[in-house]
Amino acid sequence: MSGAARVGARLAELGLTLPAVAAPLAAYVPAVRDGGHVWTSGQLPFVAGALPATGKVGADVTPEDAADLARVAALNALAAVGDLLGREDATDPVTALDRVRRVVKVVGFVASDPGFGGQPAVVNGASLLLHDLLGDAGVHARSAVGVAVLPMDSPVEVELVVAVD
C-alpha cells in the first residue's frame, strides 16, 4: 500500500477514525517537529472533547478500562502528529501519517492507586494500537510510569516520539 491507503486503510480495517486534535490546556502545542522527529505533548484519552473516565487505576478505573483509555490517548497523539505533518505539506492528517517511518518512543503515565503496580499492562493498550496501525514501524521503546494524579484527573496520558520523512 502507498500514500493515503496505508494508514487510512488500517484505520478503516480497525473501525477507527482519526480524532480532531484536542486544544492545549495551557501554554504549549500538541506536537513539535525538529528535523526527522516529531514529539507530542502528553495526550489525554479525550473522546468527543470529554474524558470517558476519571480517577485512579486500581481504585476508580479497572486496568482493562485504563488500557482502552491508553489506546485512545495514543490515537489522539497520532492525530497530533498527523495534524502537524499535514499542515507542513497541505495534506489531510491521515495521509500525512504515511510519512511516519517508525514510532521511536512511547511514554505512558498512569494515575495509580498506591497499591497498583500494573502500569506496563495499562500502557500496553497504546503499544498494541501503534503496532496494529503501523505494523513493524509501530514497535517502539517505552516507559510506563505510575503517578499520583494527571491533568483533569485523567487515568492515563500518553506521549510519542516518531521518526518521519
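Predicted model: local features only at pLDDT ≥ 70, side-chain atom pairs only at ≥ 80, totals over all residues.
Five strands make up an open sheet in the order β1-β2-β5-β3-β4, and the pairing is mixed. The edge positions go to β1 (31-34) and β4 (141-147); each has a single partner strand, so one side of each is left without a neighbour in the sheet. On average, and ignoring direction, neighbouring strands of the sheet are turned by 15 degrees against each other.

Going through the pairs one by one, β1 and β2 run antiparallel and share four bridges. Arginine 33 has valine 38 in β2 as its bridge partner. These two strands form a hairpin with two residues between them, and glycine 35, in the turn, has a positive phi of about 65 degrees. On to the next pair: β2 and β5 are antiparallel too, joined by three bridges. Here valine 38 turns up again, standing opposite valine 162 in β5.

Valine 162 also stands opposite valine 103. The pairing of β3 with β5 is antiparallel and takes in nine bridges. As for burial, β5 is mostly covered, with eight of its nine residues buried. The pair of β3 (residues 100-111) and β4 is parallel, with seven bridges. In that pair, valine 110 stands opposite glycine 146 in β4.

Next come the helices. Helix α2 lies across β1, β2, β3 and β5 (156-164), and runs at about 40 degrees to β5. Helix α4, for its part, lies across β3, β4 and β5, at about 145 degrees to β4. These helices also pack against each other: α2 (residues 63-89) and α4 (residues 119-134) meet at an angle of about 45 degrees, and their axes are 7 Å apart. The crossing of α2 past α4 is right-handed.

Which residues do the touching? On the α2 side they are Pro63, Ala66, Ala67, Ala70, Arg71, Ala74, Leu75 and Leu78, and their counterparts in α4 are Ala121, Val122, Val123, Gly125, Ala126, Leu129, Leu130, Asp132 and Leu133. Sorted by class, this contact has 14 nonpolar, one polar and two charged residues.

Two residues of α2 can be picked out. Proline 63 is in helix α2 and is partly exposed, at a relative accessible area of 30%. Leaving aside residues up to four places away in sequence, proline 63 touches Val57, Phe116 and Val122. Glycine 82 and alanine 111 are 29 residues apart in sequence, and their C-alpha atoms are 27 Å apart in space.

Glutamine 43 sits in the loop between β2 (37-40) and α2. Not counting residues up to four places away in sequence, glutamine 43 touches Pro30, Ala73, Asn76, Ala77, Ala80, Val156, Glu157 and Val158.

Two other loop residues have positive phi values without being glycine. Alanine 90 has a phi of about 55 degrees and is placed in the loop between α2 and α3 (93-96). With 73% relative accessibility, alanine 90 counts as exposed. Aspartate 153 has a positive phi near 60 degrees, and is likewise a residue other than glycine. Aspartate 153 lies in the loop between β4 and β5, where it is partly exposed, with a relative accessible area of 31%.

Technical notes
Residues numbered from 1 in each chain as written. Heavy atoms only, no water. Axes fitted to C-alpha atoms, helices over the stretch in contact; angles between N-to-C directions. Left-handed = near helix turned anticlockwise from the far one by under 90°. Contact = heavy atoms within 4.5 Å. Nonpolar A, V, L, I, M, F, W, Y, C, P; charged D, E, K, R; others polar. Pairing = 2+ DSSP bridges. Buried < 20%, exposed > 50% of the residue type's maximum accessible area, 1.4 Å probe, protein only.
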